[in-house]
Amino acid sequence: MKNFWTPILAMSVALAGCADRPLTYTETGAIIGAASGAVIGAAAYKKDRTKGAVVGAVGGGLAGAGVGAYMDAQKRDLEKNLAKEIQAGQARVEKLPNDVVRVTMTNQTAFETDSSAIKPGFNSTMDKLADVVVRYGKTTLVVVGHTDNVGTDSYNQRLSERRALSVAQYLESRRVNGMRLATAGKGETQPVAPNSTESGRQANRRVEIYLEPVVQG
């Protein structure tokens with residue numbers, strides 16, 4: 001299994017030249033989000049997410065075969081808590097390489113068009129998600145916002161960032177440790193369906209949450 005912290009250490013070396021000034025949000029976010037590489041390219045939710053700070057915040061990392069078992073158990077509990085949303089096509093839970101679990105929330109549930117305010121009806125879904133990730137505290141979460149192609153590239157980029165931030169802030173309000181959270185916006189650059197139809201655009205207006213194990217060493 002690929003060591004979770006290997007890309008983080010590499011990123012830390014790349015940022016060593018910044019030691020004489022405070023890291024920007026993008027730089028600190030790159031540290032916590034490095035394990036997902038180009039898939040995420042996270043921008044930070046808060047500062048000071050060093051390896052030691054994250055490991056300390058979660059009370060130590062996972063090791064060996066326990067990593068996969070821990071993430072598999074978390075995935076099962078997410079599927080159980082979100083069963084109603086999954087059945088209705090409002091959420092997906094998937095296992096990705098390197099023991100990463102991705103939860104995708106669709107536009108049906110989370111946001112109105114051209115808005116970063118979480119719908120009141122989405123709160124119960126977020127509470128179900130928070131219930132699981134609080135119990136499985138030895139993970140980091142990178143919240144990634146996406147949009148359709150309606151509007152300019154720059155506007156959609158900012159909208160996707162605001163949506164991701166709204167979700168991260170909500171999760172923190174539900175007792176998810178802020179040190180575990182980072183955000184990123186991908187704008188319209190990663191569609192999962194054609195933007196030529198309303199159903200396709202709706203599928204592209206989504207938020208993805210990447211749950212990554214914190215591994216020892």
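Starting at the N terminus, the elements of this protein follow the order α-α-β-α-α-α-β-β-α-β-α-β-α-β, giving eight helices and six strands. Helices (H or I, at least four residues) and strands (E, at least two) are DSSP runs, numbered from the N terminus. The model is predicted, so local features need pLDDT of at least 70 and side-chain atom pairs pLDDT 80 or more, while totals for chains, interfaces and linings use all residues. Residues are numbered from 1 along each chain as its sequence is written, and side-chain values use heavy atoms, without hydrogens and water.

**Overall fold**
- Of the 217 residues, 49% are buried (under 20% relative accessible area, 1.4 Å probe, protein chains only).
- Among contacts (heavy atoms within 4.5 Å) with a separation of 6 or more, 71% join residues 24 or more positions apart.

**Where H6 meets H7**
- Helix H6 (residues 123–135) packs against helix H7 (residues 153–173) at an angle of about 60°, with the axes 10 Å apart; axes are lines fitted to C-alpha atoms over the stretch in contact, and angles run from 0 to 180 degrees between N-to-C directions.
- On the H6 side, Asn123, Met126, Asp127, Leu129 and Ala130 touch Val167, Tyr170 and Leu171 of H7.
- The residues of this contact comprise six nonpolar, one polar and one charged (Asp, Glu, Lys and Arg count as charged; Ala, Val, Leu, Ile, Met, Phe, Trp, Tyr, Cys and Pro as nonpolar; the others, Gly among them, as polar).

**The aromatic pair**
- The structure has one aromatic pair (ring centres within 6.5 Å; planes under 30 degrees apart are stacked, over 60 edge-to-face, the rest tilted; Trp counts by its six-membered ring).
- Tyr70 and Tyr136 make up this edge-to-face pair, 5.3 Å centre to centre with 75° between the planes.
- Tyr70 sits in helix H4 (residues 66–81) and Tyr136 in the loop between H6 and strand S4 (139–145), so the pair ties together parts 66 residues apart in sequence.
- Tyr70 and Tyr136 are both buried.

Definitions and conventions:
Buried means under 20% relative accessible area, exposed over 50%, partly exposed in between (1.4 Å probe, protein chains only).
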